[in-house]
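Subject: The structure we talked about

Hello,

Here is the structure I promised to pass on. Please open it alongside this email, and I will go through the findings below.

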Amino acid sequence: SPLAPAYACGGLTLDTVSHAVTAAGKPVALTRTEYAILKLLMQNPGNLISAERLMEKIWGYDSETEISVVWVYISYLRKKLSALGANIQIRATRNVGYCLEEIA
């Protein structure tokens with residue numbers, strides 16, 4: 001549910017109360033925007049979320065932000081997750097969107 005206090009996927013947990021994110025028990029330092037993107041992905045495990053929806057949810061309808069900023073933040077998140085050895089990945093489906101999935 002969208003009101004869940006915490007989400008978990010693979011070895012990653014996100015606490016919506018403290019805003020703490022941990023991967024394999026290690027804290028992950030995220031910017032506010034990275035946290036917002038990760039939270040949206042974790043709330044929709046396995047579901048594709050379009051860059052447009054991410055834009056709208058995180059930057060708002062009236063934002064002047066370019067869509068490419070979404071790609072930039074996704075790449076920041078991927079680097080941080082892989083550096084921590086989290087067994088999840090953000091998978092991109094061309095022209096459709098992004099989803100979070102566990103790496104088997």
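A word on the basis first. This is a predicted model, in which local features need pLDDT of at least 70 and side-chain atom pairs count only at pLDDT 80 or more, while totals for chains, interfaces and linings use all residues. Residues are numbered from 1 along each chain as its sequence is written, and side-chain values use heavy atoms, with hydrogens and water left out.

**Helix 3**

Let me start with helix 3, which runs over residues 68–83 and has 16 residues. (Helices are DSSP runs of H or I with at least four residues, strands are runs of E with at least two, and both are numbered from the N terminus.) From first to last C-alpha, helix 3 reaches 23 Å, close to the 22 Å expected at 1.5 Å a residue; the expected span is 1.5 Å times one less than the number of residues.

Which residues of helix 3 are buried? They are Val 69, Val 70, Tyr 73, Ile 74, Leu 77 and Leu 81. Here buried means under 20% relative accessible area, exposed means over 50%, and partly exposed is in between, with a 1.4 Å probe and protein chains only. Seen down the axis of helix 3, these buried residues fall within an arc of 140°, so they line one face of the helix. The arc is taken from the directions that lead from the helix axis to the C-beta atoms. Lys 79, Ser 82 and Ala 83 are exposed on the other side of helix 3.

The cover over the buried residues of helix 3 includes strand 2 (12–15), helix 1 (32–43), helix 2 (51–59), strand 5 (88–93) and strand 6 (97–102). Contact here means heavy atoms within 4.5 Å. Just after helix 3 comes Gly 85, with a positive phi of about 70°.

**Helix 1 and its two partners**

Helix 1 has twelve residues and reaches 16 Å between its first and last C-alpha, close to the 16 Å expected. Its buried residues are Thr 33, Glu 34, Tyr 35, Ile 37, Leu 38, Leu 40, Leu 41 and Met 42.

Two packed helices are described by the angle between their axes and the distance between the axes. The axes are lines fitted to C-alpha atoms, for helices over the stretch in contact, and the angles run from 0 to 180 degrees between N-to-C directions.

How do helix 1 and helix 3 pack, and at what angle? Their axes are 10 Å apart and the angle is about 85°, so helix 1 and helix 3 are roughly perpendicular to each other. (Angles under 35 degrees count as roughly parallel, over 145 as roughly antiparallel, 65 to 115 as roughly perpendicular and the rest as oblique.) In this pairing, Thr 33, Glu 34, Ile 37 and Leu 38 of helix 1 meet Tyr 73, Ile 74, Tyr 76, Leu 77 and Lys 80 of helix 3.

With helix 2, the axis of helix 1 comes within 10 Å and crosses at roughly 125°, and the two helices are therefore oblique to each other. On the helix 1 side, Thr 33, Ala 36, Ile 37 and Leu 40 meet Arg 53, Leu 54, Lys 57, Ile 58 and Trp 59 in helix 2.

**Helix 2 and Trp 59**

In helix 2, the buried residues are Ala 51, Leu 54 and Met 55. They cover an arc of only 100° around the axis, which puts them on the same side of helix 2. Glu 52 and Lys 57 are exposed on the other side. The buried residues of helix 2 pack against helix 1, helix 3 and strand 6. Gly 60 follows helix 2 and has a positive phi, near 95°.

Trp 59 belongs to helix 2. Not counting residues up to four places away in sequence, Trp 59 touches Thr 33, Ile 37, Leu 54, Thr 65, Val 69, Val 70 and Tyr 73.

Thr 33, in helix 1, is buried, with a relative accessible area of 18%. Leaving aside neighbours within four places in sequence, Thr 33 is in contact with Ile 58, Trp 59 and Tyr 73.

**Two loop residues**

His 19 sits in the loop between strand 2 and strand 3 (21–23) and has a positive phi of about 65° although it is not a glycine. Ala 24, in the loop between strand 3 and strand 4 (26–27), also has a positive phi, near 50°. Ala 24 counts as exposed, at 55% relative accessibility.

Best wishes
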